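Work through the following exercises with the sequence and the 3D view at hand. Try each task before reading its solution.

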Amino acid sequence: MNDAKDIVKDAEEKRGILARYRPAILIFSAGVILLVIYGIKYRTAEYEVSGALRLISYAAILLIISALFMVFVKAKRTILLNLTVLSGLIMLLEITCFFLLGMPAAIKKDFSIPVLPDDHIARNIGTVPYADSVYHAQLLHGSDTVFDVHCSIDQFCKRITPDHDSTRQKFSLFFGCSIAYGFGLEDNQTLPYYFQKISNDCNAYNFGYSGYGTNHMLASLDYHDFSKQVPEKDGSAFYIFFWDHIYRSIGTMSRYCDWLHNAPYYEMKDGSLVRNGMFKDGRYITSKVYESIYQWNTLKKFEVDFPLKLNDSHIDMVAEMIKESEIRYAEKFGNHNFYVVIYPSFKKYTAQEMEKFKSCLDQKNIKYIDISDFIEYTEERTLGGDPHPNAATNEILAEEIVKRIE
């Protein structure tokens, strides 16, 4: 008899609990259903998740948070209740920023690294142009053509510098990013080309490429067999330094997620610079966190990047990469004619940051040519519709570099 009463009592208690939490259960169930719908749609989306679909996911999360809030209020779980309130406020801020940004879509990006042999150039340096190819690059600004050019690539995946003269006895190697590479320019309009033309005693070799940083230069000097590419026995190397290279070389969140996940990763260990694969696999946890949060609307609205600011250790590590590059160059070519060319920048930096960088170069006995203030980098120096330097700017700066080293 007592057992029957206990069963009836338990059933009544369960019905009471169910009735008590029914609104929360219904709201929670609605949130789960929306999450399932979002998951199905997300898997079928190819390249991006639409703003409307993102809104469904936000609604689902808000419903689930609201349901948990109701449960913790009734259960008088203060700590869990406070955590739920905090989560709800963060979510409301995220949704507010989402609307302020115009309900942007989210990109579905593949951060995997290509499976390649250990000695493959892309496994060592990262992204490179295809060997023995010609790239047709075009940029339109409204109805105007900003540029329409062809970029020639040799068998070693570097850009060809025309008018090679086999009778010349000297070489000039150029490392750097799109500025050295000559983004938006023909083969005979790049900085290496004009240097070769003006100096009139060397053949120029262009190892620059769009998006590169200091880490790419060091990886290139480690990887390339220059004896197969540079027949001249005497010459110089120039690293065209652009301030953003520091951010690229440390792999900030925005740059990592935009284009640098498959880029060489260097870190300081016990006072020495060491290579640890690529950013993707060399610092797996940090990179995974970046991949997870870089499209948060709150971060985009307030233009937050990680690390939040450069510090002295970042600048010093990049200077150490340059020093190691100079050492590799000297080992391969038998001279110390290695120069850092500090290029006029349209990226912001403070006077203190630049002085810190130069001080690091001085401390490591690295020669540099500072042309950052030689010209004012106005729109007339650019391609127009794109901030990269035009041919006239390259010619002026090449002439100045030649004068400085003479």
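**Exercise 1: A helix and its cover**

The cover over the buried residues of H9 includes helix H7 (214-223), H8, helix H10 (279-282), helix H11 (284-293) and helix H12 (297-301). The model is a predicted one.

Task: State which residues of helix H9 (residues 253-260) are buried.

Solution. 
- Step 1. Use the cut-off: a residue is buried if its relative accessible area is under 20%.
- Step 2. In H9, the residues that are buried are Met253, Arg255, Tyr256, Cys257 and Leu260.

**Exercise 2: Backbone exceptions**

Most residues other than glycine have a negative phi, and most peptide bonds are trans.

Task: Describe the backbone at Asp132, Cys157 and the bond between Phe306 and Pro307, and place each in the chain.

Solution. 
- Step 1. Asp132 is not a glycine, yet its phi is positive, near 50 degrees. Asp132 sits in the loop between helix H4 (121-125) and strand E3 (133-141). With a relative accessible area of 60%, Asp132 is exposed, since exposed means over 50%.
- Step 2. Cys157 is also not a glycine and has a positive phi, about 70 degrees. The loop that holds Cys157 runs between strand E4 (144-153) and strand E5 (170-176). Cys157 has a relative accessible area of 17%, so Cys157 is buried.
- Step 3. The peptide bond between Phe306 and Pro307 is cis, with omega at about -5 degrees. Pro307 lies in the loop between H12 and helix H13 (312-333).

**Exercise 3: The whole chain**

Task: What is the radius of gyration of the protein, and what would a compact globule of 406 residues have?

Solution. 
- Step 1. A compact globule of 406 residues would have a radius of gyration near 22 Å.
- Step 2. The protein has 28 Å.
- Step 3. The C-alpha trace spans about 110 × 55 × 45 Å along its principal axes.
- Step 4. Of the 406 residues, 48% count as buried.

Definitions and conventions
Residues numbered from 1 in each chain as written. Predicted model: local features only at pLDDT ≥ 70, side-chain atom pairs only at ≥ 80, totals over all residues. Heavy atoms only, no water. Rg over C-alpha atoms; globule rule 2.2 N^0.38 Å. Buried < 20%, exposed > 50% of the residue type's maximum accessible area, 1.4 Å probe, protein only. Helix = DSSP H or I, 4+ residues; strand = E, 2+ residues; numbered from the N terminus. Contact = heavy atoms within 4.5 Å.
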